[in-house]
Every structure is written in C-alpha cells, then in structure tokens.
Amino acid sequence: MQYVSTRGSAPVLGFADVVLAGLATDGGLYVPQSWPSLPADTTGTYAELAAAVFAPYLGGDISNDTMLRLTRDAYATFRHPDVVPIVDLQPGHKLMELFHGPTLAFKDVALQLLGRIFDHILTERNEKVTIVGATSGDTGSAAIDGVKDCANVEIVILYPKGRVSDVQRRQMTTIDSPNVRTVAIDGTFDDCQDLVKAMFNDAPFREKHNLSAVNSINWARVMAQVVYYVEATRRLSGPIDITVPTGNFGNVLSGWIAKQMGAPIRHLIVASNENDILTRFFESQNMNVTGVHPTLSPSMDIQVSSNFERLLFEMNGRDGGMTSAQLQRFRDRGLLNIEQDQYEQWIAPTFRAARANDHDTLSTIRSVYEETGMLIDPHTAVGVKAARDLAEDGVTMLTLATAHPAKFPDAVERATGVRPELPEHLADLFSKPERTNDLPNDLAAVEAFVANR
C-alpha cells in the first residue's frame, strides 16, 4: 500500500513515512492509493479487530504481530472492557460511548495508538520529531496523553484562548512532562489550524525541526477511527444509520471509509451545531464560510473542515490538480461548489445532515436525562438531536457519544441540575498547577516559540 496526496504533486509514500510526515509537502492530505476490503474474519477483541482492519494499510512497514501488540497496549488504557461499549438510549436508537479512554474523548481511540506507532517507528529509525497540533478542545489532551512518555517526541499544542472548557484546558496544561508545551492563541480553532498548516508549508522550518502532526490531517488518525464503525456494524444487525457530531469532518470521514471497505452502513448523518457549514453544504451543495460562533459544543466551533478535502479528492476522480484549484478558490473567496452529478454520486446516497443550536442542545441533554437517567455532553446532544430528527422506522440508529459529560459540567448542570463528576483518575485535575503560554495569532511568533522549545 502506497499513499498519494490529495493535491497531486507530493511524493508517493509508504505508511511509516506518511505517519511521520502528517501533511504532504504540497499542502495536501495523504490517502491510500486504493480502498481495501474488510478482513474476512472480524471476530475477536477490539484490539484484534483493529489490527486486522489496519493490516492492508501498513504495506509491510509495521508487521501484523507488532501492530497487534501496539493495539493491545493502546486499548488496555481504556476503562471499559469493550473499549467502545454500545448502550440503549431508546427503542431503535443506541449510543456508542467513545469516551472511556484516559482523557474522556473519542480522540483517545486514535491517539493512544498513534503515540505508540510514533514511538515504534522513531525508535526503529533512531529519529526524533516535533509534533505541532491544533485543538478545538479534545485532540490536544488526547495527543499529549498519547506521547507524554515518548522519548523521541516533542509536542506543541495550539488551542484557542477562552474557547475550550476548563476541563479540556486543564487536561492539557497540567501535564508536567518536559516534552510537552501548550499555547493559547488569541483567535479561533480555524486560526490555530491555519498556523499549523502554515508551519508545515514553511519547508525550511518544517525540515529543520522535523515537524509531524497528530491532527486528523495525519492519515493514521483517520485510519484508527475506522475500527469503531466496523465494531458497530458487527455488533448491530443489518445496515444501520450512524450519526456523528461533526466539526473537522475526520470522524465522519472514517465512517465513509468503513463503508467503502464493506461495512454495512446505510447513512452517515452529519450533526452540526450553529457553526453549520457542513450541514449547509449537504443541503445546498455549496460550502460558504461565515464567522465562527462560540457554542456549548466548542469542539465543533469550526468553519474550515480540513478532512473534507479527502472526500473532495474522491469526488474529483482523484484529480489532485482540480482539488488543489478548488481549495485555493475556497481559501480566496470562502466559497466551494460541487457539480450536481458529483452530489448525486458521492453525497446523496450516503450523507444526511442536521443541526442543533444551544437551546436544542440543552433541551436534548435535559430530555435524555429525564427519560433515561443518563447524562450526555453537549456534542453528543447535538448528535442525538440530529439522529432524532432524521431517524427512520425500522432502521437502527447509532449516535456516537464523543465526550464524557464531566468534560462539560457547566452545560450539563445547566440543563439537568446535576453536575457530573470526573472519573477517579482525574479527580485532582483542578488542584494541579497549569503551565501554558499566550501568543498572538501570528506565524512568526509561533514559529519562534517552537524553535526555542
């Protein structure tokens, strides 16, 4: 298996080089040259399923036995024996709880593994990297937890100042490891993401500091998330609909890939908050950037969804030049259009979309609690609202529960009157000292900080 860039002019790479590169040198995202089929045997534990799903993507760069060891090690850190358990919400509607990892968010499913893959590759090559990442709340803490003990990795995480929850921020800023740095950027998540991409596109800087990425621009992040979609379909009978709270499009793209590999998924429902650029796109075929509005679901407060580029590349017949030109126009004008035949072939058969504002979010958290006694976080609530709006009789609906309610206690308490408690391993989070750095939304300032880490 080899990997190509969505913009068509970067070198073709193998799996290990793609993991370390993160972003392609032409600014594109790496994708496999073709989509393999699911393994014939999908039995066994979650870790065994993961190793089997990954096998065709590795291209011999990591042996199957080594990958099985890495997946077993990664998923042993989860608090639930099923890793991603499925629970009943109401008849015909279930939740898959993706928040049983160390930092209480779905990002742990990929990043506990990615940290171990990094360490394995770098140890074999006797190399070191500097990971630079942007987070809208959960990626940063999950990435830090995944690499905080890696001798071969330095990590710098950018987050939008004042736009993540207190729990999310403290999960990043209270980690006392010498290889970890966090930076509060005076701007939005989109600004943070632009800074990271700009550093990767600064070739001399990238090469000098051996930059690598943990955002879902890194192919391994998306690959790792494919597994829980396969897990869902092996545990639920018949083709199912899956609703995904969505910001950067990486999570729902993993579901699309699982479907390409043969998983019996009928529809993928994109659930947006008030920053509904993706929902508007699926409704109108036009992607039009507006301002970012702070909401109760901050991890979804995004306008430029990086991973959509991978789907656009497929819609364009894998024409990198065409994809690059479209994205440049999108950057210049804030508007991206697709053709009707592209919509009918790639979007209409698979994707549905809905939105929830903050009032809907609180109302959904409250109703779920009153009906089931279950507390859900605001992002999951956006998904539940969308799932309820678009559910069809006779079709099993699964909503991905992407974060533990204790990561957003203020919103949950506002909706239900109950303040969710942090799990025991994080009970002392608010008594630990914080370490962070404030910087302007300025590439030169951020690059200087990384250079002087």
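Notes on the source. This is a predicted model, in which local features need pLDDT of at least 70 and side-chain atom pairs count only at pLDDT 80 or more, while totals for chains, interfaces and linings use all residues. Residues are numbered from 1 along each chain as its sequence is written, and side-chain values use heavy atoms, with hydrogens and water left out.

Entry: overall form. I looked up the radius of gyration, which is taken over C-alpha atoms. The chain has 20 Å, which agrees with the value near 22 Å that a compact globule of 453 residues would have; the globule rule is 2.2 Å times the number of residues to the power 0.38. The C-alpha atoms fill a box of roughly 55 × 55 × 50 Å along the principal axes.

Entry: Buried means under 20% relative accessible area, exposed over 50%, and partly exposed in between (1.4 Å probe, protein chains only). Contact means heavy atoms within 4.5 Å. Among contacts between residues at least 6 apart in sequence, 75% join residues at least 24 apart.

Entry: nonpolar cores. A nonpolar core is a set of buried Ala, Val, Leu, Ile, Met, Phe, Trp, Tyr and Cys residues joined through side-chain atoms within 4.5 Å. The largest has 107 residues, and those touching the most other members are Phe 54, Tyr 75, Tyr 228, Phe 249, Phe 308 and Phe 351. Helix 9 (residues 219-235) gives this core its largest share, eleven residues. Apart from it I found another core, of 23 residues, including Val 196 and Met 199. In soluble globular proteins, nonpolar side chains tend to be buried together. I then followed Tyr 75: not counting residues up to four places away in sequence, Tyr 75 touches Tyr 46, Ala 47, Ala 50, Val 83, Val 109 and Leu 113.

Entry: helix 4. Leu 114 is found in helix 4 (residues 107-125) and is buried, with a relative accessible area of 2%. Its contacts, leaving aside neighbours within four places in sequence, include Val 19, Ala 213 and Arg 221.

Entry: helix 11. How many of the eight residues of helix 11 (residues 277-284) are buried? I counted six: Ile 277, Leu 278, Thr 279, Arg 280, Phe 281 and Phe 282. Their cover includes strand 10 (265-272), helix 12 (308-315) and helix 14 (340-347). Just after helix 11 comes Gln 285, with a positive phi of about 70 degrees. Gln 285 sits in the loop between helix 11 and strand 11 and is buried, at 15% relative accessible area. Most residues other than glycine have a negative phi, and most peptide bonds are trans.

Entry: Is Arg 318 buried or partly exposed? I found Arg 318 partly exposed, with a relative accessible area of 25%. Thr 323 lies in helix 13 (residues 320-333) and is buried, at 0%. Leaving aside neighbours within four places in sequence, Thr 323 is in contact with Thr 6, Glu 309, Leu 312, Phe 313 and Asn 316.

Methods
Helices (H or I, at least four residues) and strands (E, at least two) are DSSP runs, numbered from the N terminus.
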